[in-house]
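Hi there,

Here is the structure I promised to pass on to you.

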Amino acid sequence: MSILSKLRCLTIDVTGTLIAYKGELGDYYCMAAKAVGLPCPDYKRMHEGFKSAYTEMAKKHPCFGHGSKIPNIEWWRTCVKDSFVRAGYNYDDETFEKVFRRIYASFGSSAPYSVFPDSQPFLRWARQNNLIVGIVSNAEYRYQDVILPALGLNKGSEWDFGVFSGIEGVEKPNPRIYEIALERAGNIAPTEALHIGDSLRKDYLPARSIGMQALLLDRFKTADAESWREAGAPVLPDLEAAKAYLTKEEEVAKAPLT
C-alpha cells in the first residue's frame, strides 16, 4: 500500500517549493529608482536594509499588518521606506512615492517569480488522484489573487483552497495555520493529510506536531538538508521525486513460513 492511497488532502508551501524569486531584490529596486531618474541604489546595502526593515516590520505588525488592521499597501510602504533609509537613501516624499509604486506593482505581479517546471504537473496529478490540494503560505493576498494565477497555478485546476497568512492572520510556524487548512479541506483527519514545504521549522515540524504527514524539498542543495534528515524528515530534490515517494508501495513484513 502506498502513502498516496492513505491520503485525502495534500497541502503545499509556495516560495521555494512551487515558485522561486528571479534575480536579486536590488534588480527591482534599481529599476524603480532609474525609472524616475535616480541612480541605482547599492545592491548589498539595499539587501541588508530590506532584510532588517522587513524583520522588524514583521515582528511589530505580523501577517502583513492583519492584526493591526494596516492595509497591505501601507504595510509595504512603511517597510520599503525603512529599507531605503537603512540603506542610506532618504528620498523626499514625492520621489519616494513614485519609486514605491513601481516596487509595489512589480512584486504584485509575476515579474519577480518563476514557477518550477514540475509544479503545475504535480498539483494536477494530485487532484487527478482525488486529493484535495491546499496552498499554505506566509504570504499576502496578492499571491492568491494575482501572482499564482499569473504563473499558471490556478484555483480550480491546480489547487482547491488557500491559507495565506496575510488573509488569515496566523502564520507558520504556528500549527494553527495547518489546522485551518484541515478545516478548509472539510475537517480532514491529520493522518489523512500530508504537507510539502522547504523549511524544517515552518513546514515540517508544525505540520507533524498536529499529526499530519510531511516531507521537505531541497531544491537548492541547502547546507541545512542534512540536519533535516537527522531530525527525521524525508528530504527530496523536487516534486517528481515526491510523486515517486508517494506512489511507492510500502513493504509489508510477511510472517515466516512454518
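**Glu-158 and its surroundings**

Leaving out residues up to four places away in sequence, Glu-158 touches Gln-120, Leu-123, Arg-124, Arg-127, Val-133, Gly-152 and Leu-153, where contact means heavy atoms within 4.5 Å. This is a predicted model, so please keep in mind that local features need pLDDT of at least 70 and side-chain atom pairs count only at pLDDT 80 or more, while totals for chains, interfaces and linings use all residues. Residues are numbered from 1 along each chain as its sequence is written, and side-chain values use heavy atoms, with hydrogens and water left out.

Glu-158 is found in the loop between helix 7 and strand 5. Helices (H or I, at least four residues) and strands (E, at least two) are DSSP runs, numbered from the N terminus. Is Glu-158 buried or exposed? Glu-158 is buried, with a relative accessible area of 0%; buried means under 20% relative accessible area, exposed over 50%, and partly exposed in between (1.4 Å probe, protein chains only). Its side chain makes a polar contact of 2.4 Å with the side chain of Arg-124. A polar contact is a pair of N or O atoms within 3.5 Å; within protein, one must be able to donate a hydrogen and the other to accept it, and residues adjacent in sequence count only if both atoms are side-chain atoms. A polar atom of the Glu-158 side chain also lies 2.7 Å from the backbone nitrogen of Asn-154.

**Another buried glutamate**

Glu-140 lies in the loop between strand 4 (132-137) and helix 7 (141-150), and is buried with a relative accessible area of 5%. Its side chain has polar contacts with the side chains of Trp-76 (3.0 Å) and Arg-142 (2.7 Å). Beyond four places in sequence, Glu-140 touches Phe-64, Asn-72, Trp-76, Phe-164 and Gly-166.

Six strands form an open sheet in the order 5-4-1-6-7-8, with parallel pairing. Strand 5 (161-164) and strand 8 (235-236) stand at the edges with a single partner strand each, so one side of each is left without a neighbour in the sheet. Strand 1 (residues 9-12) pairs with strand 4 in the parallel sense over four bridges; two strands pair if DSSP finds at least two bridges between them. Ile-12 stands opposite Ile-135 in strand 4.

**Cores and helix 5**

The largest nonpolar core has 54 residues, and Ile-12, Ile-19, Tyr-29, Phe-84, Phe-122, Ile-196 and Leu-246 touch the most other members. Such a core is a set of buried Ala, Val, Leu, Ile, Met, Phe, Trp, Tyr and Cys residues joined through side-chain atoms within 4.5 Å. Its largest share, six residues, comes from helix 5 (residues 93-107). A second, separate core of 24 residues includes Val-170, Ile-180, Met-212 and Ala-225.

Which residues of helix 5 are buried? They are Phe-96, Val-99, Phe-100, Ile-103, Tyr-104 and Phe-107. These cover an arc of only 135° around the axis, which puts them on the same side of helix 5; the arc is that of the directions from the helix axis to the C-beta atoms. What covers them includes helix 1 (25-35), helix 4 (72-86), strand 3 (113-115) and helix 7. At the start of helix 5, a side-chain oxygen of Asp-92 reaches to within 3.1 Å of the backbone nitrogen of Glu-94.

**The whole chain**

The chain has twelve helices and eight strands, and of its 258 residues, 45% count as buried.
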